[in-house]
Amino acid sequence: MHYTTIGTLCKQDTMLRAMFSGRLEVLTDSEGWILIDRCGTHFGTILNFLRDGSVALPETTKAIAELLAESKYYCIEELVEACEKVLAKKERESEPICRVPLITSQKEEQYLISTATKPVVKLLINRHNNKYSYTNTSDDNLLKNIELFDKLSLRFSGRVFFIKDVIGSSEICCWSFYGNGKKVAEVCCTSIVYATDKKHTKVEFPEARIFEETLNILLYENKNAPDQELMQATSLRGAVGGISSYTSDEEEERTGLARLRSNKQNNPT
């Protein structure tokens, strides 16, 4: 039961004013108590709002939602707006900072990439695709690639759409970068190395290269094609058209060959 005055009930233009100004029928019991067929849990809060024009809202989302329902029933617009504002804020705060979809099919991957409004970075990670035994450092490097993906997705989640493929092709660890729905770069982190007795799969962690391509993909934030001069300035290889790819073993091999040629030119026999 709640005690209040007619003045409080008629203070604002609500259903309560209509009830106690004679516009609506009021039900009473044998002792003269006015009956309202609603839960009384939040009626005290309703009365305090009518008295003061403001009130402290409950802390929990459930209680605020219940108070919102009562405010709507009694047609207290200001209290309705206050409850809705707080609920909307709580909903925003409860949303995760970053969401990373896990691809379940090639069709889903194509859809996500083609409909993305941001540049896309995809990490394909599937340790079970291996045909040979791994080198000693491969497992650690595989984990480092996953950790870097998590860090980048948190840092650039507002500007880049990150997706993860765990059931993909024959690759074990591969980064792909998309701009305007097209693949513009790729960093493959696996290679086959030959030991004396058998082949081994080597997983590498080209951190600097991955970070560079992630920064490059930011050039595709707008819908138009990125500035070509800017692309050249930010690419170590100046690869503007088509897809750029990278494996550290290939880079080392190219560097070694270039050194051999240079030595031959400088020291002719």
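This is a predicted model: local features need pLDDT of at least 70, side-chain atom pairs count only at pLDDT 80 or more; totals for chains, interfaces and linings use all residues.
## Basis of the values

Local features need pLDDT of at least 70 and side-chain atom pairs count only at pLDDT 80 or more, whereas totals for chains, interfaces and linings use all residues. Residues are numbered from 1 along each chain as its sequence is written, and side-chain values use heavy atoms, with hydrogens and water left out.

## Helix α3

Helices here are DSSP runs of H or I with at least four residues, strands are runs of E with at least two, and both are numbered from the N terminus. In helix α3, which spans residues 43-52, the buried residues are Phe43, Ile46, Leu47, Phe49 and Leu50 (buried being under 20% relative accessible area, exposed over 50% and partly exposed in between, with a 1.4 Å probe and protein chains only). These residues lie on the same side of α3 because they cover an arc of only 160 degrees around the axis, the arc being that of the directions from the helix axis to the C-beta atoms. After α3 comes Gly53, with a positive phi near 85 degrees.

## Salt bridges

With a salt bridge taken as a side-chain nitrogen of Lys or Arg within 4 Å of a carboxyl oxygen of Asp or Glu, the count is 11. One of them joins Glu70 and Arg38 at 2.9 Å, N to O, and this pair links distant parts of the chain, with Glu70 in helix α4 (residues 61-73) and Arg38 in the loop between β2 (34-35) and α3, 32 residues apart. Glu70 is buried at 9% relative accessibility, while Arg38 is partly exposed at 32%.

Within helix α4, Lys62 and Glu66 lie four residues apart, about one turn of the helix, and their closest N and O atoms are 2.5 Å apart in a salt bridge. Lys62 is exposed at 60% relative accessibility, and Glu66 is partly exposed at 31%.
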